[in-house]
Amino acid sequence: MADLHQKSLLQLSKGLAAGDFTSVEVTSALLQRIASHNDTLNAFITVTAERALDAAKKADSERAAGNAGVLNGLPIVHKDIFCTRDVLTTCGSKMLENFVSPYDATVVERLQSAGAVMLGKANMDEFAMGSSNETSYFGNVHNPWGLDYSPGGSSGGSATAVAARLTPVATATDTGGSIRQPAALTGTVGFKPTYGRVSRYGMIAFASSLDQAGTITRTAEDAALMLGVMAGFDPRDSTSIERDVPDYLAGLGEPLKGLRVGIVKQHFDDGLEEHTGNAVKEALKVLESQGAVLVEVDLPNLDLSVPTYYVVAPAECSSNLSRFDGVRFGHRARDPQDLFDLYCRSRGEGFGAEVKRRIMTGTYVLSAGYYDAYYLQAQKVRQLIADDFKKAFKDVDVIAGPTTPTPAFKLGDKTDDPITMYLNDIYTIGANLAGLPGMSVPCGFVDSLPVGLHLVGPHFGEQVLLRAAHQYQQQTDWHEACPEDFK
Amino acid sequence: MRPLANRAVFFTSKTRARTVSLDKDQVQHIAVLARLKLADDEFAETVDKLSRIVDFVDQLSQASTTDVVPMAHPLHETQRLRADEVTEPNDRDHVQENAAAVADGLYLVPKVIE
């Protein structure tokens, strides 16, 4: 059983059902790997070893009693943005360094009810604001494909844990690319569902009209398995969509013959690093060989997606993060002179530089005299971008292209200029602005660093995305590549 | 301190290339609105980086958006209302374990009224 850590969630599920191994064995093996590798990778903020072993024992006895849930005994890691009852939930911030959540996020609750065993909480950019995991108060995560490289962000800990085989799957969140970009940079599968498909309850809010929970896995099949448990209406999230959850695993085997794949010309212009572009073009050829038809589509307002995002997201963040006041939870400054001083110093000390910049950008674009010029204008451009996608999806079933302009960059390379960092999400942000599902699938390597193929679907097009990705993974083995030191 | 609103007139012109960089007073005013105390050594960097961000997002002013209705929800859903019923148990003591200062179930803050 030396290779338990190489198995996918579905493979582990079958092995547990067949009695080849127990949840306690799987859990112990992965906890051991986390103990040996986390000092090198810094992928975890909290490891919940004892709790995990207890849950594994419980899962094994439930299985023995014939009560195995769909994820019975299967290991999982949660991004530290999800509230976990009686477990530290930091959101990568000094502000919540000591915050022990009094309740579970709906995502956590659903996965737990299905029998999943939480191994720990993954490192992330502070409050999910960052594209390199370097804004985490708990230090940056290292990319297992090259330790001096960033794994991307904000779900860098989740992506690294999956890539380094410390867990088969992890939860993650995506506001502008925070699932898909780190997935691309670590050679994993990142899946962001349609806005409202998965409950945001208990997921610490960054930008509420953009935030969506999803997964990092190594296969599209595992993403489908996870989504089936995570998705669905939740009365506790006022933006949760009331819509039936299909069997996401059911349609994966359907061939791609006749699938119309949209290609956006601007995605392959000068901004895209040449070899990354070549890897993506090769992937498109594979899809073509499987019967897909490539169709050129136009998204004329796409170049405005990054500036639109950097008005809308900070505006919502400035509002959401006003709850951190030093009174009810979170960091509190010592010896405040008065209430105003308590607010200003608690927040000034508790938030890191990037979070403060985003709060201030948001405060500025929402302030009197600027609201129309920035915020309202951005919401109008956002509508134009969404309209472009809507028009494109009349002609195609999915849109395919690169997830990121380059493979992983070195730690420290992009920290000086916020704009350079923001442009990392140039291909992914559109899906968030329009509320569309998107995913990144490993499609090759450039100088031993992974490259991701980005797929975007229409609203509630999860099934077609998962099917395209699964069929692609039947023809390719990029997702099976494992970084040398983590085999 | 110069009121922020004085600069709004800037945005009536849509064609002029410009930079809208922020100055120290403006950044200080934004920090007060956002209830953020910036340390002296982070202030200069904040002015510089915030200016770059504002310059960057200012390209939105070039987009033609006449007659476009601003997006309110990506799926055009309306806000759902729930029945006015108690659904959550009272978990006050557990919730307040995360607060720095409480007494008798109340949150404590510095004196507001002298």
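This is a predicted model: local features need pLDDT of at least 70, side-chain atom pairs count only at pLDDT 80 or more; totals for chains, interfaces and linings use all residues.
Residues are numbered from 1 along each chain as its sequence is written, and chains are lettered from A, and ligands numbered from 1, in the order in which they are written.

**Chain A as a whole**

Chain A has 15 helices and 11 strands; helices (H or I, at least four residues) and strands (E, at least two) are DSSP runs, numbered from the N terminus. The radius of gyration of chain A is 21 Å, close to the 23 Å that the globule rule gives for 487 residues, so chain A is as compact as a globular protein of that length. That radius is taken over C-alpha atoms, and the globule rule is 2.2 Å times the number of residues to the power 0.38. Along the principal axes, the C-alpha atoms of chain A fill a box of roughly 65 × 55 × 45 Å.

Of the 487 residues of chain A, 63% count as buried. A residue is buried if 20 or more other C-beta atoms lie within 10 Å of its own, exposed if 12 or fewer, and partly exposed in between, with C-beta atoms placed from the backbone. Among contacts in chain A with a separation of 6 or more, 77% are between residues 24 or more positions apart.

The largest nonpolar core holds 164 residues, of which A:Ile76, A:Val117, A:Val311, A:Leu455 and A:Ala469 touch the most other members. Such a core is a set of buried Ala, Val, Leu, Ile, Met, Phe, Trp, Tyr and Cys residues joined through C-beta atoms within 7 Å. Helix H12 (residues 371-392) of chain A gives the most to this core, with 9 residues. Not counting residues up to four places away in sequence, A:Ala469 touches A:Val189, A:Ala220, A:Met439, A:Val441 and A:Leu455.

Helix H7 (residues 220-230) and helix H15 (residues 462-475) of chain A pack at an angle of about 150 degrees, with their axes 8 Å apart. Axes are lines fitted to C-alpha atoms, for helices over the stretch in contact, and angles run from 0 to 180 degrees between N-to-C directions. H7(A) and H15(A) are therefore roughly antiparallel to each other, as angles over 145 degrees count as roughly antiparallel, under 35 as roughly parallel, 65 to 115 as roughly perpendicular and the rest as oblique. H7(A) contributes A:Ala220, A:Glu221, A:Ala223, A:Ala224 and A:Leu227 to the contact, and H15(A) contributes A:Glu462, A:Leu466, A:Ala469, A:His470 and A:Gln473. By class, these residues divide into 6 nonpolar, 2 polar and 2 charged. Ala, Val, Leu, Ile, Met, Phe, Trp, Tyr, Cys and Pro count as nonpolar, Asp, Glu, Lys and Arg as charged, and the others, Gly among them, as polar.

**Individual residues of chain A**

A:Glu354 lies in helix H11 (residues 353-366) of chain A. A:Phe127 is in the loop between S3 and H5 of chain A.

| Residue | Other C-beta atoms within 10 Å | Class |
|---|---|---|
| A:Glu354 | 19 | partly exposed |
| A:Phe127 | 31 | buried |
| A:Ser448 | 11 | exposed |
| B:Leu36 | 24 | buried |

Most residues other than glycine have a negative phi, and most peptide bonds are trans. Phi of A:Phe127, however, is near 50 degrees, and A:Ser448 has a positive phi of about 65 degrees. A:Ser448 sits in the loop between strand S10 (438-446) and strand S11 (449-456) of chain A. A cis peptide bond, with omega about 10 degrees, joins A:Gly153 and A:Ser154. A:Ser154 is in the loop between strand S3 (117-122) and helix H5 (156-163) of chain A.

Chain B has 3 helices and 2 strands, in the order α-α-α-β-β along the sequence. Of its 114 residues, 17% count as buried.

The contact between the chains takes 48 residues from chain B and 57 residues from chain A. On the side of chain B that touches chain A, helix H1 (24-33), helix H2 (40-57) and helix H3 (92-96) each supply at least two residues. The largest share of that side, 9 residues, comes from H2(B). By class, the side has 30 nonpolar, 8 polar and 10 charged residues.

B:Leu36 is in the loop between H1 and H2 of chain B. Leaving aside neighbours within four places in sequence, B:Leu36 is in contact with A:Cys344, A:Arg347, A:Gly348, A:Lys356, A:Ile359, A:Met360 and B:Ala31.

Note on methods: Two residues are in contact if their C-beta atoms, placed from the backbone, lie within 7 Å.
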